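Dear colleague,

I am passing on a structure that you have not worked with before. Please look through it together with the notes that follow.

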Amino acid sequence: MSIRLHHIIFLLCIGQLSCEKDIDITDQLSFTPKLVLNGQNESDSLIRLHLNQSISTSEDIEDGNISGTVRVLLKQNNQIVFVDDVIMSNGVIDLPYKSRNGYVYEVQLNKSGLPSIVAKDSVPFLKPNFSVGALREVLDYYQLQLSIKDLPGENYYFLKLSAVGKEKVGADSINVVKPLTFESSDKILLSSLRNWIQPGTFALFDDEFLFDSMSTFRIQVPSDSLFTSSFMPEAIDIQISTISTPMYTFYINLLENNRIYGGPLSNIKADYGNVDQGLGIFGFKNTKSIRISMK
């Protein structure tokens, strides 16, 4: 199937996302700290919120860390389902509610000394419908074929690959999962971004990527990213998620400036995300995973 290249965008995964916008020196004079929310949640899972605060470029990274109590209000389809003072653990708040497919969630957070924030998003109703062909070794690559079926309505998709295996630590070995860079042998997908900060690649695309009811393409993983002197892969995990519109827009805008500074989203100035009076993202995804054994 033919596929439009300009609807596919590769993103660098950097754990808890970070980015920085260029600023004028006058911004330093009017800088006001804000709550930074990184709430990227999976459907049918407990809602987790990562909190930080924005910092100016003259401050240390640690100055963005916050602790203590936060007032949390959670709405599900405009009905309050949770309201309480919650003590954060390492900047993380776990709410005792699972997100439900197709439902709309709104979170309101109040931390003493910082502006209150509000964020709202809906959970994608459908999981992606895709299949994966057999893994083949071709020259210096491992290739596999993906077939994706177009879903009803307007949808946005997020693709990532991970290697599952054992890593040597001294005389022992431990089970690990590590992100993989990948590209397309068909030149359908653009080459993945590579960065010394952390090797992790995602593909972001929308419905216009899928011309017909089923689109098929090949992706390949360089052998040297799979096998190292300390890591032996046992399987490759392929994950495709349907993601909400705010999350899709958030990732698109992150590409505008991906210089890294400070902690998660600790930029002095940002004009994207869906967090009112704050920074960051509160969004949802609905993921299907397929594991391909390398044994």
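Which residues does Ala134 touch, not counting residues up to four places away in sequence? They are Gln143 and Leu144, where contact means heavy atoms within 4.5 Å.

Before going further, please note that this is a predicted model, in which local features need pLDDT of at least 70 and side-chain atom pairs count only at pLDDT 80 or more, while totals for chains, interfaces and linings use all residues. Residues are numbered from 1 along each chain as its sequence is written, and side-chain values use heavy atoms, with hydrogens and water left out.

To stay with Ala134, this residue sits in the loop between β9 and β10 (136-138). Ala134 counts as exposed because its relative accessibility is 61%, given that exposed means over 50% relative accessible area, buried under 20%, and partly exposed in between, with a 1.4 Å probe and protein chains only. Its C-alpha atom is separated by 9.7 Å from that of Leu146, which lies 12 residues away along the chain.

As for the chain as a whole, it contains 3 helices and 18 strands, these being DSSP runs (H or I of at least four residues for helices, E of at least two for strands) numbered from the N terminus. Of its 295 residues, 49% count as buried, and among contacts between residues at least 6 apart in sequence, 73% join residues at least 24 apart.

The largest nonpolar core has 27 residues, and those with the most contacts inside it are Phe130, Val132, Leu146, Leu159, Leu161, Leu226 and Ile238; such a core is a set of buried Ala, Val, Leu, Ile, Met, Phe, Trp, Tyr and Cys residues joined through side-chain atoms within 4.5 Å. Several strands each supply at least two residues of this core, including β9 (129-132), β12 (156-169) and β16 (231-243). A second, separate core of 24 residues includes Leu74, Met88, Ile93 and Val107.

Finally, Asp237 lies in strand β16 and is buried, with a relative accessible area of 12%. Its side chain is joined to that of Arg291 by a polar contact of 2.6 Å, the term standing for a pair of N or O atoms within 3.5 Å of which, within protein, one must be able to donate a hydrogen and the other to accept it, residues adjacent in sequence counting only if both atoms are side-chain atoms. Leaving aside neighbours within four places in sequence, Asp237 is in contact with several residues, among them Lys160, Leu161 and Ile290.

With best regards
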